[in-house]
Structures are given as structure tokens and as C-alpha cells.
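We will go stop by stop.

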Amino acid sequence: GMEDGVASKTFTMLCWNIQNPSLRRARKQFSWLRRQPFDILILTECKKSEGCLFLEASLQGHVPVETDGCDVVFPKPAHDEYGVLIAGNVQLTPSGFSNCVKQYSPRVNPVTLRLLDQEMEVIGVYAPSRGFRSDKRRQKKKLFVSSFLEALEAAPLSRLCILAGDFNVLEPSHVPHYPEFEEWEYEFYRA
């Protein structure tokens with residue numbers, strides 16, 4: 001934006017795990033979202049559900065009333081999988097990074113955009129949660145993490161790349177420390 005005739009050097013990004021809302025809850029979420037001053041919005045734990053489709057249409061400016069709306073990229077996850085919705089007040093173009101993620105790729109939504117006179121890539125991520133008692137969920141998360149880290153090493157990323165979303169891990173220095181998290185999860189966090 002412009003402040004006192006000088007171009008701003010900052011932008012606002014809002015990340016929110018919306019927990020695959022019902023239509024009723026999605027309406028409340030949108031009521032709050034429409035009052036937030038974001039440039040880029042990343043919503044995680046999205047499904048191809050009535051609530052998430054309502055949020056997509058609302059952010060685009062089609063529901064409940066015609067507005068200017070946002071550009072929205074929301075690859076609809078199949079079956080019972082989760083995904084990521086990205087909206088912005090600038091043009092968003094899907095990038096090919098998620099094609100490099102071999103496991104659970106719907107949980108990765110990469111877009112390129114131009115903001116602050118710079119081309120950048122924003123990668124929205126919703127890592128699987130693992131619970132602390134389920135080996136099956138732990139394996140799912142571990143597969144996702146290793147696949148994502150391999151993709152980061154292999155894929156050509158933009159010079160300016162921002163990873164944002166819900167990584168389902170706390171930072172290694174979090175107080176209090178949660179011993180349930182393992183080193184491979186902290187490696188993902190640090191990557």
C-alpha cells in the first residue's frame with residue numbers, strides 16, 4: 001500500500017486452520033475474515049465441503065453479495081483428504097511445486113505472485129497431525145514430511161519463497177517443551 005506517498009515495504013499474511021467448517025461456521029468465519037486487512041490469506045484443513053466451498057466463493061466476491069473479491073487458488077482434495085486454500089488481493093498463479101511432493105500433495109498449495117514489486121512464491125502447507133498414540137498417523141506424517149523435504153531439495157523454487165500454514169509441530173525451543181515431538185519433525189520445522 002501507500003503511506004504518505006511512499007510505497008509500503010510490508011505486506012500482511014494471515015494463516016488460519018479453519019477445521020473444515022460446517023456452512024454455518026464458515027459464514028461466521030467469513031464475517032470475521034472480510035474485516036481483516038490481509039494481502040495473502042492461507043486457510044488450512046480445507047476439504048471439498050459445503051463450508052469450504054462457501055468460503056472460496058465468498059472470498060472470490062460471489063457470495064453473499066457481489067464485491068471486488070480476491071483471487072483464490074483452491075485445488076479441491078479428493079476423497080477424505082485435506083487441502084489448503086490461498087486467497088490474495090493480487091493475481092495468484094498455481095506453481096508446479098506440489099507436483100514434486102510425492103505423498104499427500106493436496107496438502108500443499110503453491111502459488112506465484114507479484115507483491116512489493118517482487119515475484120515471489122508462497123507455498124501453503126497443511127502437514128498431517130499425528131496424534132501421540134497412533135502409529136498409522138505418525139507414519140502418514142513422516143511420509144508427508146520426507147516427501148515435502150525431498151521436494152524442497154529437488155524443485156526449482158522462486159528466489160523469494162515463503163512457506164506458511166499449519167506444520168503441526170511446535171518450534172524446538174517452545175516452553176514448555178513437548179517431548180512427544182521427534183527430531184524429524186523439528187527438521188521439518190527448521191527446513
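**Before you click**

This is a predicted model, where local features need pLDDT of at least 70, side-chain atom pairs count only at pLDDT 80 or more, and totals for chains, interfaces and linings use all residues. Residues are numbered from 1 along each chain as its sequence is written, and side-chain values use heavy atoms, leaving out hydrogens and water.

**Stop 1: the whole protein**

Show the cartoon. The protein has 4 helices and 10 strands. Helices (H or I, at least four residues) and strands (E, at least two) are DSSP runs, numbered from the N terminus. Follow the chain from that end: the elements run β-β-β-α-β-α-β-β-β-β-β-α-β-α. The radius of gyration is 17 Å, close to the 16 Å that the globule rule gives for 191 residues, so the protein is as compact as a globular protein of that length. That radius is taken over C-alpha atoms, and the rule is 2.2 Å times the number of residues to the power 0.38. The C-alpha trace spans about 50 × 40 × 35 Å along its principal axes.

Of the 191 residues, 42% count as buried. Buried means under 20% relative accessible area, exposed means over 50%, and partly exposed is in between (1.4 Å probe, protein chains only).

**Stop 2: the sheet**

Select strands E7, E8, E9 and E10. They form an open sheet of 4 strands, in the order E7-E8-E9-E10, with mixed pairing. Two strands pair if DSSP finds at least two bridges between them. Which strands stand at the edges? Strand E7 (93-94) and E10 do; each has a single partner strand, so one side of each is left without a neighbour in the sheet.

Zoom in on E9 and E10. They pair in the parallel sense over 6 bridges. Pick Tyr-126: its bridge partner in E10 is Asp-166. Contact means heavy atoms within 4.5 Å.

**Stop 3: salt bridges**

The structure holds 10 salt bridges. Each is a side-chain nitrogen of Lys or Arg within 4 Å of a carboxyl oxygen of Asp or Glu.

Select Lys-140 and Glu-81. Their closest N and O atoms are 3.7 Å apart. Lys-140 lies in helix H3 (residues 135-154) and Glu-81 in the loop between strand E5 (71-73) and strand E6 (83-88), so the pair ties together parts 59 residues apart in sequence. Is Glu-81 buried or exposed? Glu-81 is buried, at 14% relative accessible area. Lys-140 is partly exposed, at 25%.

Next, select Arg-190 and Glu-183. Their closest N and O atoms are 2.3 Å apart. Arg-190 is partly exposed, at 48%. Now select Arg-130, Arg-138, Lys-141, Glu-182 and Glu-185. Salt bridges that share partners join these residues into one network.

**Stop 4: Tyr-186**

Finish in helix H4, at Tyr-186. This tyrosine is buried, with a relative accessible area of 6%. Show its neighbours. Not counting residues up to four places away in sequence, Tyr-186 touches Val-169, Leu-170, Glu-171, Pro-172, His-177, Tyr-178 and Phe-181.
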